[in-house]
Amino acid sequence: MLTAYIEGIGLLGPGLNNWPEGRRILAAEAPYVSRPTDLPPPASLPPSERRRASRAIKLALAIGHEAIAAAQLDPATLATVFSSSAGDGYNCHEICQALASNDRQLSPTRFHNSVHNAPAGYWSIASGAMASSSVICAHDASFGAGLLEALVQVVADNTRCVLISYDTDYPEPLRAVRPVPDAFGVALVLAPRPSAQALARIAVSFTDEASLHIADESLERLRQSIPAARSLTLLQTIARGGAARIIVDYLEYMRLGVDVTPCS
Amino acid sequence: MNFFDQEAPGVRPLLLSSFTATSCIGRGLDQTLDALRRQDSGLLPCRFETVDLETFVGEVAGVDEVGIRGNLRSFDCRNNRLAQLGLVQDGFVEAVKDVAARVGANRVGVFIGTSTAGILQTELAYRRRDSATGALPADFIYASTHSPFSVADFARRTLHLSGPVATVSSACSSSAKVFASAQRMIAVGIIDAAVVGGVDSLCLTTLYGFNSLELTSAHPCRPFDPARDGISISEGAAFALIEKTPENLDADAILLLGVGESSDAYHMSSPRPDGLGARMAMAAALQAGGVAPSEVDYINLHGTATPSNDAAEGNAVSALFGSHTACSSTKGATGHALGAAGGIEAVIAALALRHGFIPAGVNTLHVDPAIAIDYVLENRAQVVSRALSNSFGFGGTNCSLLLGRAN
């Protein structure tokens, strides 16, 4: 059993603009209305870098900053785990299109933004964080794999770790083979000990039980369509504020059992 | 030094009970060791696919002849063929099978580093788009070829394991960082052993991409030479089976003593000139292993052969170790296998420990006088008890592995 305290949450996705709004929607205090994800320009980057930031970079930075601000912590001091199905889909499309053309020259920015750790690199530049940053990919299991990696860091190193789990959509023709329809990201500040900011305690173990669905049909469709949105069952449990055991999607042969206990 | 009584702040060492590497200098340990002893380079003028760049590459021979059949056929692509070629060397598959039988297949994790996985498959598919609809060809399968997870998933299925699995994709530190993930998971008790490694294969994205940044050399790369002018891109597959250290060990057993990680917080494609991030990663690895800088016998440098990378790493090494620790970059031999480099170089460090030699940095004619380190230009036969392996990457990601002999 791996235990940690969630001290801050960042959320951005279709019809989910931030955690305070998302919390009310997930707690059924406000209706869910799906609309395209609005990705803000990354204010923490210098203007030249801000202009060139990909969708994945904008998303990861926005949710990371929201979660850490909510936890009232300094991002420069925190280790991070970035988890996504893959790198930025639009960037990948532009590269593959250029390489299939008669002019194969790539732009340097497009190439360095193609590495899967581009959001992690920009995060480090924007926040000044020199702590370790891990970059995990596990296709549809990416949220579960990221949560596991971050929790293991919290327990093994007895220190805080920020999970930044995000996915961005693909343009055609890639969308046909990887149908991620929009951008969705969730960030969790995880701590080894309780604090005044702690929202909930989670205790996680492997299980072969089936993962839980969300009753609201449009939220369940969102949960199933974007790997990072597999977090929605956990977020809904925290939003409702009660204690519960939930099952979060991970691998096809193994899921994560999460005992959630609210703090204060 | 008795590693077994050692508690915090250091971490408990782990045993590398089996390891293997396949690169342009050879398939498996024997060929790799022979090439290192001969100071051979595997770099040749680029003839890969339809690439029209004046550069040298380290291509692994025979990758296209590897067959992926049966229920894993959907994984067929150059990257997974290279993974399979690497996995079947040196009795690695059998060693994993033995451990899985002992601890349970669900108690063995799989953590594989890659930067581009099978992106070549997508690059080729984009040449065959439907002229009317723009659609990719029906035989293109994204999830099991190009998706970064495909290589870890393929390795797990090939090895019949059912523990936690993930791909680590932090550019050129990827297959060093996998050691950290595995070590932590073993430390918290959710697994007993792990297959770690790295696989990266030649593709147009990295060849044209590094060319766009003017980071590729028109010559075989010359790390730490004053005339160095860029990298030579290569490919490779390396794997290690790591597990809790048993009570009784062979004297020449190889241990993972510590892993150190840091971020530069500086620039996407250039290292901090002062090497501070690199120094922090090396210092953290030493601290984790409870080892002083003077106790390290050899440093396998990241040493990509770009002017700025080598200068920054040289600053970091001399600041932490002074100028008397033997160092080399083996990328003059193997090229830069990007996400597989950390794994390949961890295996080379393990060979240095096991066989008592310091591999020279090949292609380099002179050592840059502005860099105050003991850069080795001819192989040295000597006992190597502890070796450090550096892997740094785009985005300012840094990882150092500290390996040691058990005796």
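Trainee: What makes the set of 148 residues here a nonpolar core?

Mentor: The name covers buried Ala, Val, Leu, Ile, Met, Phe, Trp, Tyr and Cys residues that are joined through side-chain atoms within 4.5 Å. This core is the largest, and among the residues with the most contacts inside it are A:Phe184, A:Leu188, B:Phe179 and B:Val195. Helix H11 of chain B (residues 341-355) gives the most to this core, with nine residues. Another core, of 54 residues, lies apart from it and includes A:Leu99 and B:Phe394. In soluble globular proteins, nonpolar side chains tend to be buried together.

A word on the background: this is a predicted model, in which local features need pLDDT of at least 70, side-chain atom pairs count only at pLDDT 80 or more, and totals for chains, interfaces and linings use all residues. Residues are numbered from 1 along each chain as its sequence is written, chains are lettered from A and ligands numbered from 1 in the order in which they are written, and side-chain values use heavy atoms, without hydrogens and water.

Trainee: How do you know whether B:Ser175 is buried or exposed?

Mentor: Buried means under 20% relative accessible area, exposed over 50%, and partly exposed in between (1.4 Å probe, protein chains only). B:Ser175 has 0% relative accessibility, so B:Ser175 counts as buried. B:Ser175 sits in helix H6 of chain B, residues 174-187 (helices, H or I, are DSSP runs of at least four residues and strands, E, of at least two, numbered from the N terminus). Leaving out residues up to four places away in sequence, B:Ser175 touches B:Gly113, B:Gly197 and B:Ala340, among others; contact means heavy atoms within 4.5 Å.

Trainee: And what is A:Ser195 called on that scale, and why?

Mentor: A:Ser195 has a relative accessible area of 26%, so A:Ser195 is partly exposed. A:Ser195 lies in the loop between strands E5 (184-191) and E6 (200-207) of chain A.

Trainee: Why is the pair formed by the side chains of A:Ser195 and A:Glu7 called a polar contact?

Mentor: The term needs a pair of N or O atoms within 3.5 Å; within protein, one must be able to donate a hydrogen and the other to accept it, and residues adjacent in sequence count only if both atoms are side-chain atoms. The two side chains make their contact at 2.5 Å, so the distance meets the cut-off.

Trainee: What makes strands E3 and E4 of chain B a pair?

Mentor: Strands pair if DSSP finds at least two bridges between them. Two bridges join E3 to E4 (residues 56-58), running antiparallel, so they qualify. B:Pro45 has B:Phe56 in E4 as its bridge partner.
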